[in-house]
Amino acid sequence: MRRGWTAAVAVSLAGLLAVTACGGGGGEQGGDGKQAATKVEVFSWWTGGGEAKGLEAMVADFKKKQPGIEFVNAAVAGGSGTQAKAVLASRLQANQPPDSFQGHAGAELLGYIKAGQLEPLNSFYDEQKLREAFPQQLIEQITYQGNIYSVPVNIHRSNVLWYSPAVLKEAGLSGAPKTIEEFIAALKTVKEKTKKIPLSLGAQWTADHLLESVLLGTLGVDAYNALWTANADWSGPQVTKALENFKTILGYTQQEAASTDWQVAAKNVVDGKAAFNIMGDWAAGYFKELGKQPKQDYDWAASPGTDGVYMWLSDSFTLPKNAPHRAAAVEWLKICASKEGQDLFNPAKGSIPARKDADRSLYKDYLAWALEQWSTNKLAGSMWHGVTVNDRWHTEIDTAVGLFLGSRDVPKLQQALAAAAKNSGQ
Amino acid sequence: MTAVSPPQARPVAPRAVPRPRRRRLPVVRMTLLLVFALVFLMPVYVLLVTSFKPLSEADPSRAWLLPEVWTAEGWRAAWTALAPGLWNSVQLAVPGSLISAVLGSLNGYVLAKWRFPGADAVFTLFLFGMFIPYQAVMIPLVQLMTAADLIGGIPGLVLAHVVYGLPITTLIFRNYYVTIPDEMVEAARVDGAGMFRTYRWVVLPLSGPAFAVVLIWQFTALWNDFLFAVFLTGPLSWPTTVALNNIAGAQVVPYSQQMAAALLASLPTLIVYVLLGRFFMRGLMAGALKG
Amino acid sequence: MRRYRRWLPGLVLLAPSMIAIAVFVYGLIGWNFKLAMSDQHDQVTAGKFVGLENFTALWDDERWGLAVRHAVLFTVVFVLGALVLGWFLALLMDKGIRGEGGFRAVYLFPMAVSFIATGIVWRWLMSPAPPERGVGLNQLFDSVGLGFLANEWWQNRSYGMAAMALPAIWQMSGYVMALYLAGFRGVPDELREAARVDGCTEWKVYRYVVFPHLRPVTLAALIILGHISLKIFDLVVAIATKQIIADVPAVYMWVMTFDAHDPAKGATIAAYMLLAVAVLVIPYLVWTVRSERRA
């Protein structure tokens with residue numbers, strides 16, 4: 001703290017002095033990340049918590065294996081939020097790409113792919129024998145027109161139902177609901193028998209997140225996966241039913257949802273203030289940080305109606321065209337793809353590796369369960385987290401859901417979703 | 001909201017002596033002012049107490065409570081995260097606000113005292129620059145700066161701030177200089193002084209309060225700027241605000257760290273307010289205020 | 001020749017700034033309008049001229065209508081609120097008060113703090129949770145027996161944006177206070193004295209002597225607050241994130257440009273924002289320059 005004060009006072013003094021000296025031009029420091037051949041600038045939105053720690057662990061491994069390459073961490077917060085993607089977009093447009101950037105594997109990258117801003121990584125996959133290392137279904141779902149454009153470093157699960165055993169007991173419920181119908185009944189029971197929040201929800205994006213679980217739970221995996229293909233039927237009665245379910249379920253959420261961060265929404269469960277929360281499995285990492293005990297303070301199950309299906313999302317790294325230090329970037333991608341890299345990153349981040357050959361002893365509690373599910377379940381791509389829809393579609397769904405939260409008008413939501421599918425240009 | 005809004009400056013000494021007043025009213029006024037001060041400080045109180053809480057206590061439902069366990073962990077972590085950007089911020093804000101002030105002063109001088117045909121139109125066109133929504137021009141701005149090979153480092157960022165600061169600084173100085181009697185400038189001219197000598201010996205010595213207003217204004221804007229910084233500079237040149245955003249914008253960082261970082265990042269601006277505050281009011285004060 | 005000598009140096013001195021403004025302000029505004037009149041709706045298309053098509057199409061968009069309504073409500077509450085509060089604070093301080101410097105610092109201080117971080121606090125303060133899970137201001141009201149004041153704040157679908165203006169008022173009213181305070185003290189003492197000699201009460205001195213002098217200040221403050229309000233972005237994103245319930249044009253523009261990658265639509269929204277600011281500002285600028293010339 002003392003250094004802060006002295007520095008600031010020095011600043012003000014220097015400022016006053018420099019008036020007479022007519023101020024330097026501020027040309028002290030040259031631009032960075034451009035010339036030196038021994039750098040790799042990696043762009044991500046991992047700036048805090050377990051994700052930053054995981055990144056650090058991978059970087060340490062990278063430095064050990066590539067002592068000659070300086071790692072420049074260009075992390076900007078707000079991946080699903082505001083800034084990171086905007087900065088990235090402007091840099092790509094100005095042809096100033098970082099050497100590698102983070103993106104959700106899947107359709108989220110389509111914009112970059114179609115704009116010719118990414119290199120295909122097919123030969124990299126062959127050299128590193130990645131087609132064998134990753135599950136077949138995953139390879140299929142991230143291939144676009146025969147090419148693969150990113151290296152998945154982890155797998156998260158979107159369709160997880162978190163619940164408070166204490167609150168369920170208070171409501172007289174024996175366990176997690178298996179189907180959407182059971183879920184709605186359970187929410188009703190909680191509302192009638194306790195003063196707790198039946199389903200804890202956060203800001204608008206968590207409603208988008210909830211929607212994909214409800215769609216999957218109502219439609220089943222095949223119909224859900226078909227929604228994101230060219231001949232999807234968004235106007236059918238099954239979708240109507242899913243949206244009706246969505247509306248009913250939203251009726252059991254708390255009124256302050258919009259001003260609740262996902263953390264607080266999830267914390268409501270472990271604090272015994274709410275019965276249920278549907279959130280991705282990064283919540284498990286957060287609960288661990290809070291010092292809560294699995295199976296006691298909280299428990300989990302596949303979100304209602306989705307048992308046996310792993311709705312996945314994946315953080316991945318890419319190779320932009322005209323990357324200033326291409327060779328170094330490839331070395332970075334090797335770390336991301338390697339068993340060591342993934343086993344360093346994922347326990348810290350609270351996710352499971354995309355590779356099949358991970359060291360299982362590193363993954364405990366929730367993660368052990370997730371690993372086991374990952375190897376046996378069918379896969380469905382997460383809509384909200386970038387696997388199945390491109391950016392435009394994503395935005396339009398978000399807008400439709402946001403308007404729906406106000407209107408609660410199911411036919412209008414369905415129309416908007418159908419229009420979004422049609423206009424996506426995907 | 002790093003928006004620019006023009007403070008106004010006039011070269012008239014403040015009237016410091018309070019007039020005689022009736023007895024009862026001051027108590028009422030004092031009470032009201034205190035109540036408002038408390039309301040204004042409410043968010044700061046929450047920031048402060050939360051910044052000292054451990055993870056388990058930092059929760060909206062306990063926002064008003066003092067920490068049960070006091071910990072400086074949040075502050076330590078915030079300091080670690082913000083410190084690397086601090087020097088960049090200094091390199092940005094100090095030269096940036098100084099260059100802005102010098103340019104604004106020269107421009108204001110020309111527009112007030114060495115007017116050329118069409119000067120008013122030029123002035124109006126300048127001012128409009130204050131009002132563009134910056135988010136709207138980020139993409140072409142990045143392309144422009146790339147073409148000029150000014151992307152990535154602090155000089156480019158300083159340039160952007162100086163250029164977009166021109167309208168406000170020119171406005172403040174021009175309005176300030178307009179009130180200097182033309183005769184003073186004329187007299188210097190008759191004595192054979194040219195434009196620069198008149199500026200140096202007649203106008204500049206009177207400019208203190210206007211410089212204070214402009215420096216405060218630009219320093220606040222530059223220090224708090226996030227948008228330009230994150231778009232125009234690379235990781236090695238990122239100022240404090242980018243680090244602050246990386247703490248506050250990541251949804252996985254403990255609240256205590258976010259709050260401590262917020263307070264820490266605003267300290268330098270506060271210090272500038274305190275150091276230059278007196279001159280700031282003097283600059284604002286006086287004559288008929290107008291646009 | 002002599003006449004050139006009189007103004008040419010000034011023009012030369014101003015030239016670099018003029019060029020910078022021409023490029024960075026007008027060049028980019030031009031770029032924006034060109035984009036807004038093209039059909040470049042993704043990252044790939046080159047985009048050809050389509051006239052005002054985007055400008056009319058925008059009004060069929062439900063979200064745009066909502067964003068505009070929000071912006072109008074926000075602007076009215078914010079501008080009036082900051083003007084009235086700033087004016088009132090200045091009035092309280094006009095005659096000098098013990099600790100004036102301290103008060104000024106407290107009221108001005110919110111301007112120094114970036115919303116990047118205070119947004120979280122405001123989100124907590126303005127939470128609409130019911131008493132049993134009370135949070136923020138509702139909790140405070142409840143505990144001091146003012147429970148009836150508890151409300152939904154910005155999460156109310158019809159008047160919520162009025163609550164969103166509160167943090168903005170918090171931020172800017174200190175600045176308005178400083179402007180007004182300077183204005184009050186700019187009224188010559190002799191004028192006030194003369195009115196008092198004429199037998200005016202203190203209130204009448206204000207009403208008939210001081211307030212009329214403040215018109216230019218009010219106008220300047222109005223313009224400043226108005227243009228901030230029309231462009232409002234950071235504050236809304238920091239408090240509400242990018243939710244429809246608190247959508248405003250600047251946020252929508254950001255979403256279209258950077259999230260949906262629809263440059264033309266983003267540029268169209270930006271163009272409307274520019275036009276709105278221009279409608280507000282240009283008459284004011286022209287009026288100022290003219291009235292100055294008359295003086």
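User: How many helices and how many strands are there in chain C?

Analyst: This is a predicted model. Chain C has 13 helices and zero strands. From the N terminus on, its elements run α-α-α-α-α-α-α-α-α-α-α-α-α. The C-alpha trace of chain C spans about 80 × 75 × 30 Å along its principal axes.

User: What makes His261(C) count as buried or exposed?

Analyst: A residue is buried if 20 or more other C-beta atoms lie within 10 Å of its own. His261(C) has 23 other C-beta atoms within 10 Å, and therefore it is buried. This residue is found in the loop between α12 and α13 (263–294) of chain C. Of the 295 residues of chain C, 53% count as buried.

User: How do you know that chain C is in contact with chain B, and how many residues are in contact?

Analyst: Two residues are in contact if their C-beta atoms, placed from the backbone, lie within 7 Å. By that criterion, 84 residues of chain C are in contact with 82 residues of chain B. Helix α1 (residues 2–36) of chain C gives the most to this side of chain C, with 16 residues. The residues of that side divide into 63 nonpolar, 14 polar and seven charged.

User: Which residues make up the side of chain C that touches chain A?

Analyst: Here 27 residues of chain C are in contact with 25 residues of chain A. Both α3 (62–93) and α12 (249–259) of chain C supply at least two residues of this side, and α12(C) gives the most, with three residues. The side divides into eleven nonpolar, six polar and ten charged residues.

User: What is the secondary structure of chain B, and how much of the chain counts as buried?

Analyst: Chain B comes to eleven helices and zero strands. Of its 291 residues, 60% count as buried. Among contacts in chain B between residues at least 6 apart in sequence, 81% join residues at least 24 apart.

User: Where does UniProt place the feature "transmembrane region" in chain B?

Analyst: The unreviewed UniProt entry places this feature at residues 27–48, 92–110, 122–142, 154–177, 198–220, 226–248 and 260–281 of chain B. In the model, residues 92–110 of chain B are 100% helix and 0% strand, with end C-alpha atoms 27 Å apart. Residues 154–177 of chain B are likewise 100% helix and 0% strand, and their end C-alpha atoms lie 32 Å apart.

User: Which residues have the most contacts inside the largest nonpolar core?

Analyst: The largest nonpolar core has 331 residues, and those with the most contacts inside it are Trp162(A), Ile216(B), Ala261(B), Tyr180(C) and Val236(C). This core draws at least three residues from each of domain 1 (39–155 + 314–375) and domain 2 (157–311 + 384–423) of chain A. Not counting residues up to four places away in sequence, Trp162(A) touches Ala266(A), Val269(A), Phe276(A), Asn277(A), Met279(A), Ala283(A), Tyr298(A) and Trp300(A).

Note on methods: Residues numbered from 1 in each chain as written. Chains lettered and ligands numbered in written order. Predicted model: local features only at pLDDT ≥ 70, side-chain atom pairs only at ≥ 80, totals over all residues. Helix = DSSP H or I, 4+ residues; strand = E, 2+ residues; numbered from the N terminus. Nonpolar A, V, L, I, M, F, W, Y, C, P; charged D, E, K, R; others polar. UniProt positions renumbered as here; feature names shortened; annotations may be inferred. Core = buried A, V, L, I, M, F, W, Y, C linked by C-beta atoms within 7 Å. Buried ≥ 20, exposed ≤ 12 C-beta atoms within 10 Å, placed from the backbone. Domains from an automatic or database assignment.
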